[in-house]
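Subject: Structure for you to look at, with notes

Dear colleague,

My notes come after it, arranged by region.

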Amino acid sequence: MWVCGALCRARAPAQLGQRRLPESRRRRPASASFSASAEPSRVRALVYGHHGDPAKVVELKNLELAAVGGSDVHVKMLAAPINPSDINMIQGNYGLLPQLPAVGGNEGVGQVVAVGSSVTGVKPGDWVIPANPGLGTWRTEAVFGEEELITVPSDIPLQCAATLGVNPCTAYRMLVDFERLQPGDSVIQNASNSGVGQAVIQIAAALGLRTINVLRDRPGGTMVTYGGMAKQPVIASASQLIFKDLKLRGFWLSQWKKDHSPGQLLLPSRGADSGEDCRGGQPRKENKLWLQPDWAQILLPPLLAIGSAEPAMGHQASYLTSALVSVS
């Protein structure tokens, strides 16, 4: 969802009136754009004075635009999305909370209108995004400190620029900060149709990484259980079974063998590459689908106990003189 277009077109309800945020909070992240001035300019903003349900605590208000100081940048907002973190911040359960009253919105892109005399990093016409969360992007215009902004190219799609600071950055940092991935390595991710997931796919491709992407199709899924090592019951919601057509199945190979002939055990459905030459459980050695890991025999010290040998329990120790280990 996007808020900037709606703010630019909306008329503030008369009952909300006009409001000026305290002068003392001029440099606070959520209110850095407002202070008293002799000839104030009016801007529209989505403001909340206390935490709670966004539908109840967020109000559209007219605010006064601060004068541009020496290190300030006057920005006209072009687009600002609604991110789940924005909602959490308004609710009061996010890790970073601005001083109230605050303007909502952690992401967005704006165009520089004017700069102060000591500003060197941006110029009028540049596109900028917030350097940190809590800036308050749900407004038509603002005056920010230069250090609170990052310039971005103006030739990328507007929606991409507006959402560049959170999801793509999250994806990139996860790819480079936790493991030393090399071109050809693989990354497995779930929820890969999310904003972060799609960014992971694109950034990984640019880095020469392969991605294995898992998506959940919530209606009509089948869960097959073939083992129960945890010895815990499988718990399923009745509503999921009824309304989502989810199916729970079990599979036991021993029972399957009793119900089918031996020739069906390794008989894929089609194609030589998929193992159709494996009738009767006789796969061809050159078929890569049937290659096993390389094994080597390693001699272990004699009388190496590998079992319980507590006399009180009446158990007899077992010994191993050699073992097979995978070296693949």
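What follows is an account of what was found, beginning with the whole chain and then going through it part by part.

Please keep in mind throughout that this is a predicted model. The protein chain holds eight helices and 15 strands, and buried residues make up 29% of its 328 residues. Of the contacts in the chain with a separation of 6 or more, 67% are between residues 24 or more positions apart.

Strands S2 and S3

Strand S2 (residues 41-48) and strand S3 (residues 58-65) run antiparallel and are joined by eight bridges, with Ala45 standing opposite Lys61 in S3. Strand S3 is mostly covered, since six of its eight residues are buried.

The five-stranded sheet

Five strands form an open sheet with antiparallel pairing, in the order S8-S4-S6-S7-S9. Strand S8 (141-145) and strand S9 (149-152) are the edge strands, each of them pairing on one side only, and neighbouring strands of the sheet are turned by 45° against each other on average, direction ignored. Strand S4 (residues 72-79) runs antiparallel to S8 and is joined to it by five bridges; here Lys76 stands opposite Glu141 in S8.

Helix H6 covers residues 195-206, and at 1.5 Å a residue its 12 residues should span 16 Å, which agrees with the 17 Å between its end C-alpha atoms. Which residues of H6 are buried? They are Val196, Gly197, Ala199, Val200, Ile203 and Ala204. These residues cover an arc of only 160° around the axis, and therefore they lie on the same side of H6. As background, an α-helix has 3.6 residues a turn, so residues three or four places apart point the same way. The buried residues of H6 pack against helix H5 (167-177), strand S10 (186-189) and strand S11 (210-213), whereas the face turned away from the buried side carries the exposed residues Gln202, Ala205 and Ala206. Just after H6, Gly208 takes a positive phi of about 80°.

The β-α-β unit

Strand S12 (residues 222-225) pairs in the parallel sense with strand S13 (residues 247-250) over four bridges, and the bridge partner of Met223 in S13 is Leu248. Together with helix H7 (residues 238-243), S12 and S13 make a right-handed β-α-β unit.

Backbone points to check

Most residues other than glycine have a negative phi, and most peptide bonds are trans. With that in mind, three places may deserve a look when you have the model open.

- Ala191, in the loop between S10 and H6, has a positive phi of about 50° although it is not a glycine. Its relative accessibility is 42%, so Ala191 counts as partly exposed.
- Asp245, in the loop between H7 and S13, has a phi near 55°, which is a positive value in a residue other than glycine. Its relative accessibility is 45%, so Asp245 also counts as partly exposed.
- The peptide bond from Leu100 to Pro101 is cis, with omega near -5°, and Pro101 is found in the loop between helix H3 (84-91) and strand S5 (102-103).

With best wishes

Key
Residues are numbered from 1 along each chain as its sequence is written. This is a predicted model: local features need pLDDT of at least 70, side-chain atom pairs count only at pLDDT 80 or more; totals for chains, interfaces and linings use all residues. Side-chain values use heavy atoms; hydrogens and water are left out. Helices (H or I, at least four residues) and strands (E, at least two) are DSSP runs, numbered from the N terminus. The expected span of a helix is 1.5 Å times one less than its number of residues. Buried means under 20% relative accessible area, exposed over 50%, partly exposed in between (1.4 Å probe, protein chains only). The arc is that of the directions from the helix axis to the C-beta atoms. Contact means heavy atoms within 4.5 Å. Two strands pair if DSSP finds at least two bridges between them. A crossover is right-handed if, with the strands pointing away from the viewer, the path from the first strand over the helix to the second runs clockwise. Axes are lines fitted to C-alpha atoms, for helices over the stretch in contact, and angles run from 0 to 180 degrees between N-to-C directions.
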